[in-house]
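Q: Please take a close look at a single part of this model. I would like one connected account of it.

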There are 4 protein chains.
Amino acid sequence: MKPATEYFSGSDPVLIIDPPLQHARRDRNPQGTVLNVDGVTIGGPEVVVMAGPCAVESEEQILATARAVKESGAKLLRGGAYKPRTSPYSFQGMREDGLKLLAQARRETGLPVVTEVMDARHIDLVARHADMLQIGSRNMQNFTLLEEVGKCGMPVLLKRGMSATIEEFLQAAEYVMNRGNHQLLLCERGIRTFESSTRNTLDLNAVPMLKRHTHLPVIVDPSHGTGHWWMVPYLACAGVAAGADGLLIEVHRNPQEALSDGRQSLAPYRFDSLMREVRAVARAVGRE
Amino acid sequence: MKPATEYFSGSDPVLIIDPPLQHARRDRNPQGTVLNVDGVTIGGPEVVVMAGPCAVESEEQILATARAVKESGAKLLRGGAYKPRTSPYSFQGMREDGLKLLAQARRETGLPVVTEVMDARHIDLVARHADMLQIGSRNMQNFTLLEEVGKCGMPVLLKRGMSATIEEFLQAAEYVMNRGNHQLLLCERGIRTFESSTRNTLDLNAVPMLKRHTHLPVIVDPSHGTGHWWMVPYLACAGVAAGADGLLIEVHRNPQEALSDGRQSLAPYRFDSLMREVRAVARAVGRE
Amino acid sequence: MKPATEYFSGSDPVLIIDPPLQHARRDRNPQGTVLNVDGVTIGGPEVVVMAGPCAVESEEQILATARAVKESGAKLLRGGAYKPRTSPYSFQGMREDGLKLLAQARRETGLPVVTEVMDARHIDLVARHADMLQIGSRNMQNFTLLEEVGKCGMPVLLKRGMSATIEEFLQAAEYVMNRGNHQLLLCERGIRTFESSTRNTLDLNAVPMLKRHTHLPVIVDPSHGTGHWWMVPYLACAGVAAGADGLLIEVHRNPQEALSDGRQSLAPYRFDSLMREVRAVARAVGRE
Amino acid sequence: MKPATEYFSGSDPVLIIDPPLQHARRDRNPQGTVLNVDGVTIGGPEVVVMAGPCAVESEEQILATARAVKESGAKLLRGGAYKPRTSPYSFQGMREDGLKLLAQARRETGLPVVTEVMDARHIDLVARHADMLQIGSRNMQNFTLLEEVGKCGMPVLLKRGMSATIEEFLQAAEYVMNRGNHQLLLCERGIRTFESSTRNTLDLNAVPMLKRHTHLPVIVDPSHGTGHWWMVPYLACAGVAAGADGLLIEVHRNPQEALSDGRQSLAPYRFDSLMREVRAVARAVGRE
């Protein structure tokens, strides 16, 4: 499939971004930005899969899951140590202990680690244990946090806010880049709509629309985008077919015992099937 | 990829449909319904593409477009004779003259014709010229119209309302089937959300969710689902990867001169490229 | 409060309506249209309340409710004989029998009757028994039905579609007026949003926005707009404070036994309280 | 009008909040919480109006506006020193200099000051100059910020997130209260929907729904809720009629020159008219 940028010169009216992007806009890097996260490249020909549990829960859990996802072909390990939860009475994550377990999983598997940072005051701590900082959906417009990760030297994964427009998403990226950090990855994870049978409505329109307007790589999170584990393989393949540079997938060694998001987490053997299916689709659209 | 029905026995809570479906529900036909529209099967292993202009505009336009889409591999011809338009002052379609041109295009190309019926009083007339009746998004809950197409003996294409939930969509299908017509095809065509850079938000989550709850075949309309012709190939491939049984694509011999929806219509040579890409993805997910 | 039209000359950018309205637009009748429904004026200084059950269920039910709402000050009787229901297996209304009971209630109470018409083929029948035809939300873009009620000589109540923009609502009004019927009343009844604690989100912004762009009177339906009977008095008062010319309220002699919409129906004694509260607010904003 | 709490014993199913609220829930304080902000009570019989510019721009601007809104009857001064803006290239506020000007305006007029805090690291500084801390919509789920304002001893104004459900809003309140701060005020300010003629859709359903489930006072912001200054008086009156305990209104000495949100800001003479209209509606619903 031709890249979305081929269509730039067309007469179709596109998204008006005002004030204009200075750093994120496509023509700053027409070939597209390729990130390097501890040796793993994102934004090149390969479709990169990041997988792991919603939350780090125990040494045994994170290590077993990390080994399983690596074996199936994941290139990065995801896992939450700080968890933004709707209620203060829900499990908030293992915090620093969780970070240490993630670092241990990296040592044992070699998988670089991506994990969420919720507060500018935690950046140094999280950066010591992780390879990529995630800004979650609820913080997409936490502008002082965006500026702080813009000043640190690490790759950043920025998730779309659940009611953010494409323009707002790109402007949030601009906050990070404007502080000097161009190692930025965007993630479509579903938006909030009237439809209630799924947790969110995965907006795959966003993939070509983003790629037309920015040179940054774009990945898709079908776990949050659907909220149902059995839907994840379909939307993972759809995301790759829509042009995504990678996927973010929740995998839990035992989804029924997960402390959070068990319903949308895949067991390792199902994740292994998903990887085979995703590989076939990636090849069909000219990716690796 | 395993069909969504494989996951039926899972513990994941699914959509509650109340009152329950009597005819449309999956377990009435676990293998899935296969429609036959004048020799073209929909719902079988093959991914079926229906293509043509938003509106019939002239003999030359519809014939040229019909020949082009057939050559590229489309199996049905779509085209509007009666057009539901937001304003009474916009082009309303060629009406009966448009129907006659569609019938002529069918005679010349052999492609069965699908076209919209907006009023129960037009059903007989439309049925004389077409092979499949389309119920448009704005009429998804026009219950007396649903009942009338439920009484005619022709295959029906039912498009999801732009703010209809999955449950409401399935209940609308039930209205048709309850009157005896089981030749029914469902079409996801994008829902109305806050995002304004695209005409609608194509909800590909709907594809596996529908297929889990009904035995009816499901197709995707990426033209209305995006509103931008250059996005259509990406979302067409994504729809097939998500499990769709077919696609509905707007093609116009000369999009810049189209009387309606020119922005989302593909020129024939671009549709030809799309078909090649779609074929590759279809094979990757085990379809033909 | 100054009428919204006072602000016409302001520099604030307003709604762009394209193609422009010919009949509904404000400057066609800057003083505002006043309807006359069998002697009841709508759009003048008085705030008019229409009340009655969601559906006609029996002679006893409709007569008792009609007498009660008249006593509390309602000026029109509402009641459904044809009910658009999501499922074909839900109560569809008493149909012609329901129309006859409405006509009987009018004879006994003198209240003009407003009731829904769902199909162009029923217009003559409904028109024989009712004083005002209601086009429901699901039919706001049933364009052939709009054209037909545009040809009949009766006042029409047009409800906003649940995902219709203000512009689409005004264009739908234009369909009716373009066929010659200028006796048209618009009703805001709540839109579909992500919020799930209420049945719809009552959009009171729509009241001044509509009144700025059209000369047609505008009423508010807080029963459908909230879905909870105990919220109705608050939003009824809010609707009047926002500038509505009237209210449409569901009242049932015994809400717990209602065949439809019991949750959002007020018992007569509560409706009587509501009327007192509404009168106080109406006076506070300079209405009667 | 009866308070929403009167309806507690009704059979209507209400919002399910899970895990349950510990501090914010209505039955912790059935009479309703009354806040005291430097002598001004919020949540009692009086409807309290907070007014001022979107952003502090100069000494002359904030002082002139403060004097004007005090004269018209406002009880608190609002004004932004730290401004969350979609783009990093838009005016970000005068920051510490803005705080000093707000403190000066308070000294000259006696009006307590409410201003936004965007970052936990600024709380001490903002608290030295303000009387009430505002948490903006974009930070409604910035949980570490909620916890920090929960630890400071000052009254907090929490605005609803633009796509937050009522339940999420109440859970966010719970984060603040769970850290010991019960001086909390909730503000409905419009939600994001498909409707594009207004900046947001003011959700006045939220007022009785919130008041039924929490003892905290609730105010309404019709400036952000509409985005059009000429709509503000209508929705201000509607908010009071719906049961709000107060209003938050943007007033700018010269809206056409405002550095932000000029379109939704009222000139002082219009604000003065609004106050008269609001007083009449407040009396009509039994408030002062």
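A: The model is predicted. R160(B) sits in the loop that runs between β7 (156-159) and α5 (166-178) of chain B. The residue counts as buried because its relative accessibility is 0%, the limit being under 20%. Its side chain takes part in a polar contact of 2.8 Å with the side chain of E188(B). A polar contact also reaches into another chain: the side chains of R160(B) and E195(A) are joined at 3.0 Å.

Between chain C and chain D, the side chains of R160(C) and E195(D) form a salt bridge, with an N to O distance of 3.0 Å. On the side of chain C that touches chain D, α6 (206-213), α7 (222-226), α8 (232-241) and α9 (268-284) each contribute at least two residues. The largest share, six residues, belongs to α8(C). Sorted by class, this side of chain C holds 30 nonpolar, 13 polar and 10 charged residues.

As for extent, 53 residues of chain C contact 53 residues of chain D. About 4,400 Å² is buried between chain C and chain D, and carbon and sulfur atoms give 68% of that area. Of the area that chain C buries against chain D, 19% comes from N205(C), W230(C) and Y234(C), more than from any other three residues.

Terms used. Residues numbered from 1 in each chain as written. Chains lettered and ligands numbered in written order. Predicted model: local features only at pLDDT ≥ 70, side-chain atom pairs only at ≥ 80, totals over all residues. Heavy atoms only, no water. Helix = DSSP H or I, 4+ residues; strand = E, 2+ residues; numbered from the N terminus. Buried < 20%, exposed > 50% of the residue type's maximum accessible area, 1.4 Å probe, protein only. Polar contact = N/O pair within 3.5 Å; in protein donor to acceptor, adjacent residues only side chain to side chain. Contact = heavy atoms within 4.5 Å. Buried area = accessible area lost by both parts, 1.4 Å probe. Salt bridge = Lys/Arg side-chain N within 4 Å of Asp/Glu carboxyl O. Nonpolar A, V, L, I, M, F, W, Y, C, P; charged D, E, K, R; others polar.
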